[in-house]
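Visitor: I have a protein model to look at. Could you walk me through its side chains?

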Amino acid sequence: MPSPARRLQTKPAITCLKTFLVSYSLIFWFTGVILLAVGVSGKVSLAYLSLKSETGTNAPYVLIGTGAIIVIFGLFGCFATCRGSPWMLKLYAMFLTLVFLAELVAGISGFIFRHEIKATLGTAYTDAVQTYNSTDSRSAAVDYIQKTLVCCGVNNYTDWVSTKYFEEQGFPISCCKDPTNCPVETLKDPEKAPVHKEGCFLKVTKLMEANLGIIAGISFGIAFFQLIGIFLACCLSRYITNNQYEMV
């Protein structure tokens, strides 16, 4: 049984650890909100996710789910810290450990399989161009990409020449350099059509690779940030258990 003098000495340490852990939990909660926002934004805004294939991506759902869990456990961490419950703090530390391992594995896997992800996207985009009809969701995704990235076709504009849509309608309006000045009669002529020449696939993959570096850096940063929380939660739980500290 610790002496009263020792208890008195450990109170400031426990108070300090609680302050740091509550601050950490609030930051952790905020990262969950960011992941939620990125996941929702990715689901709503990233048009290439609409290019559904048999191996379509579930990335937005993973981000939304992970963000929601982190938000919940971030609040749980604040509650456990303020409550001063050793078993809650240990549970919080276990959750942070699982999040750390999951983020580490996800980051490494994303880096290792990035070429397969690009290949899957290339296959899906090629199929979307070949089956383009200007009305379904995949066609809308193709139009969005071509307008946004200022491009036409997969590798270049000639990819449209072999499609059924080109035989009937010519190039889609989204390929035009100026949609307001793109005569319909020229859209069936690859030589005269005022369309963008550069393909979209290279631009999409460059955009993905540029964002991949940022996302990987943030992911690994967040992953190792969990180690601070694990350390604080374990230390606080040990202090409270050893000194039988109770918050009044």
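Visitor: Is Phe73 buried, exposed or partly exposed?
Guide: First, some ground rules: this is a predicted model, where local features need pLDDT of at least 70, side-chain atom pairs count only at pLDDT 80 or more, and totals for chains, interfaces and linings use all residues. Residues are numbered from 1 along each chain as its sequence is written, and side-chain values use heavy atoms, with hydrogens and water left out. Buried means under 20% relative accessible area, exposed means over 50%, and partly exposed lies in between (1.4 Å probe, protein chains only). Phe73 has 24% relative accessibility, so it counts as partly exposed.

Visitor: How many aromatic pairs does a search of the whole structure find?
Guide: Rings of Phe, Tyr and Trp (its six-membered ring) pair if their centres lie within 6.5 Å. Planes under 30 degrees apart count as stacked, over 60 as edge-to-face and the rest as tilted. Searching the whole structure gives a total of eleven.

Visitor: Are the rings of Phe73 and Phe95 stacked or tilted?
Guide: Their centres are 3.7 Å apart. Their planes meet at 10°, so the pair is stacked.

Visitor: How many residues apart are Phe73 and Phe95?
Guide: Helices here are DSSP runs (H or I, at least four residues), numbered from the N terminus. Phe73 lies in helix 2 (residues 59-83) and Phe95 in helix 3 (residues 86-112). The pair links distant parts of the chain, and the separation is 22 residues.

Visitor: Is Phe95 buried or exposed?
Guide: Phe95 has a relative accessibility of 10%. That makes Phe95 buried.

Visitor: How many salt bridges does the structure hold?
Guide: A salt bridge is a side-chain nitrogen of Lys or Arg within 4 Å of a carboxyl oxygen of Asp or Glu. Side chains of opposite charge can pair when their charged atoms come close. The count here is two.

Visitor: How many residues apart in sequence are the parts that Arg138 and Asp127 tie together?
Guide: The two side chains meet in a salt bridge at 2.6 Å, N to O. Arg138 is in helix 5 (residues 137-149) and Asp127 is in helix 4 (residues 114-130), so the parts they tie together are apart by eleven residues.

Visitor: Is Arg138 buried or exposed?
Guide: Its relative accessibility is 17%. Arg138 therefore counts as buried.

Visitor: Which side chain meets Glu198 in a salt bridge?
Guide: Glu198 is partly exposed, at 40% relative accessibility. The bridge spans 3.8 Å, N to O, and the partner is Lys203.

Conventions
Helices (H or I, at least four residues) and strands (E, at least two) are DSSP runs, numbered from the N terminus.
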